[in-house]
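Subject: Structure handover and findings

Hello,

Please find the structure below. My notes on it follow.

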Amino acid sequence: MKIKNKISLGLIFLFSVIVLLGGLGTYYLNQIKADGQAILKDNNESLEYVQLMQKELDHWQMEGKTDFDNFDKALRFQEINVTEIGEKESTLSLRIAFDEFKKDHDPAHMAEMKKALYSIADVNRNAIVRKNDIAQRTAEKATSFLVLITGLCLLLSFSFILNFPSYIAGPIKQLTEGIKQIANKNYEQRIHIMTKDEFGELAEAFNLMAEKLDKYEHSNLAKLLFEKGRIDTIINNMNDAIIGLDEKNNIMFTNQVASQLLGANQNDLVGYYAPDIALKNDLLRSLLQQNEASAPIKIFADNKESYFTKELLEVKIPETNQVAGTVITLKNITKFQELDVAKTNFIATISHELKTPISAIKMSLKLLENEKVGLLNQEQQHLVKHIKDDSERLLKITGELLDLTQVESGKIQLHEQEILPDNIIKFATEAVQTLAEQKQIFFDIQCPENLSKVHADLEKRFG
């Protein structure tokens, strides 16, 4: 039987109980009402007629005359209203005595009339008492019967109230527990509901679903999904920020680092159109530019200014060579940037520090070359010349180091002029001439004479 039918039967049962109690109560109330009406109508009217006739008789005795019409009218009503046993005979005796009294006005007939009236009144009073007893017994019977029926209906209703909710709630509880087990990936969970109603059908459907989920859990697809989940976990735990876009620029995935840099939750990014989000996100707007950034991107992260390099990777389908999406990677190069800055500062510092002793060496060489200090022999002059050349070379090296730091910092100042290429080559070879001679290396420069001049800064030839 279907649950709908069972609920309908339960409601019909409760409705029947209400109708039964209401019907019985109405029936017995009508019975009591009918008994009361019988007392008030028939017997009370007879007593009223008797009272009217006695009044006429008393009036005749006091004044010696009476109104026979009023007496006769009341008597005729009484003759019509005869309802009790013995009342008919007394009423007939009253009629005979009244007819005789109208003829001769004999007081004996008056006494017979009073006797008959007393008999009629007595019969109706006794009937009132008897009918009152009947009405009382009817009320008591109705009360007892209603109490019995009410008690029985209450027991049945109480039993229905106790059992029917459990009949509905029991299967629902089983289904809830089963769903919780499925949510915990316990696909071996089964529900045993043997009823042939919607709950039974639902239990069968649940068991079939659990069986298919169990097979699915052990299938190749489940393994693929597991591997995908593992890859997602790896991507999410990478130190580099990664953002995946499909061919329509919808965000497919972001890892935790990317979400932190963009200042948004992953749920507010994945599945949304990237240009729409970029309208309110400056970093994402710059990342969506298709050109790969050459200079590091400065982003405030980890409570400091950090540097990142941007890499774009277009993912293509091998079979069709069609672009399936784009992966944007931001590599954190803050440590390398800090080391590079430290290196540049170190070179600049060393270069400045070297100039002071080199200048002192050059000053000493000038003093040695001065004849006032003393004459040098040929060998000493040769040594001084080598020292002078080496100091010049050291000075050039420090200058080149300073130029290198200026190039890296972007603050280098170029003084371009038109220079012949052979002069550039000659200037470059002279810088390393001494070192080459020490290693027995000799330069053979062959340069055409008709070369055009170039715009260059001769002093910053290595820039």
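Helices (H or I, at least four residues) and strands (E, at least two) are DSSP runs, numbered from the N terminus. On that basis, Thr83 sits in the loop between H2 and H3.

Two points on provenance. This is a predicted model: local features need pLDDT of at least 70, side-chain atom pairs count only at pLDDT 80 or more, and totals for chains, interfaces and linings use all residues. Residues are numbered from 1 along each chain as its sequence is written, and side-chain values use heavy atoms, with hydrogens and water left out.

The whole chain

The protein has 13 helices and seven strands. It has 463 residues, and 27% of them count as buried. Buried means under 20% relative accessible area, exposed over 50%, and partly exposed in between (1.4 Å probe, protein chains only). The accessible surface is about 31900 Å². Carbon and sulfur atoms account for 58% of that surface. Areas come from the Shrake-Rupley method with a 1.4 Å probe; for residues, only the protein chains shown count as cover.

Contact means heavy atoms within 4.5 Å. Take the contacts between residues at least 6 apart in sequence: 56% of these join residues at least 24 apart.

H2 against H3

How do the axes of H2 and H3 cross, and at what angle? Helix H2 covers residues 68-80 and helix H3 covers residues 87-104. Their axes come within 10 Å and cross at roughly 160°. Axes are lines fitted to C-alpha atoms, for helices over the stretch in contact, and angles run from 0 to 180 degrees between N-to-C directions. H2 and H3 are therefore roughly antiparallel to each other. The cut-offs: under 35 degrees is roughly parallel, over 145 roughly antiparallel, 65 to 115 roughly perpendicular, and the rest oblique.

The crossing of H2 and H3 is left-handed. That is, the near helix is turned anticlockwise from the far one by less than a right angle; clockwise would be right-handed.

On the H2 side, the contact uses Phe68, Phe71, Asp72, Leu75, Arg76, Gln78 and Glu79. On the H3 side, Glu87, Thr91, Leu94, Arg95, Phe98, Phe101 and Lys102 meet them. The residues of this contact divide into six nonpolar, two polar and six charged. Here Ala, Val, Leu, Ile, Met, Phe, Trp, Tyr, Cys and Pro count as nonpolar, Asp, Glu, Lys and Arg as charged, and the others, Gly among them, as polar.

Thr83 is partly exposed, at 38% relative accessible area. Not counting residues up to four places away in sequence, Thr83 touches Asp42 and Asn43. Thr83 and Asn124 are 41 residues apart in sequence, yet 8.9 Å apart in space, C-alpha to C-alpha.

Helix H4

H4 spans residues 107-183 and holds Leu146. Leu146 is partly exposed, at 23% relative accessibility. Leu146 and Leu21 are 125 residues apart in sequence and 7.3 Å apart in space, C-alpha to C-alpha.

His109 is also found in H4. His109 is buried, with a relative accessible area of 14%. Its contacts, not counting residues up to four places away in sequence, are Ala97, Glu100, Phe101 and Asp104.

Positive phi

Asn249 is not a glycine, but its phi is near 65°. Asn249 lies in the loop between strand E1 (241-246) and strand E2 (251-254). Its relative accessible area is 26%, so Asn249 is partly exposed.

Gln440 also has a positive phi, about 60°, although it is not a glycine. Gln440 lies in the loop between helix H13 (433-438) and strand E7 (454-456). Gln440 counts as exposed, at 61% relative accessibility.

Best regards
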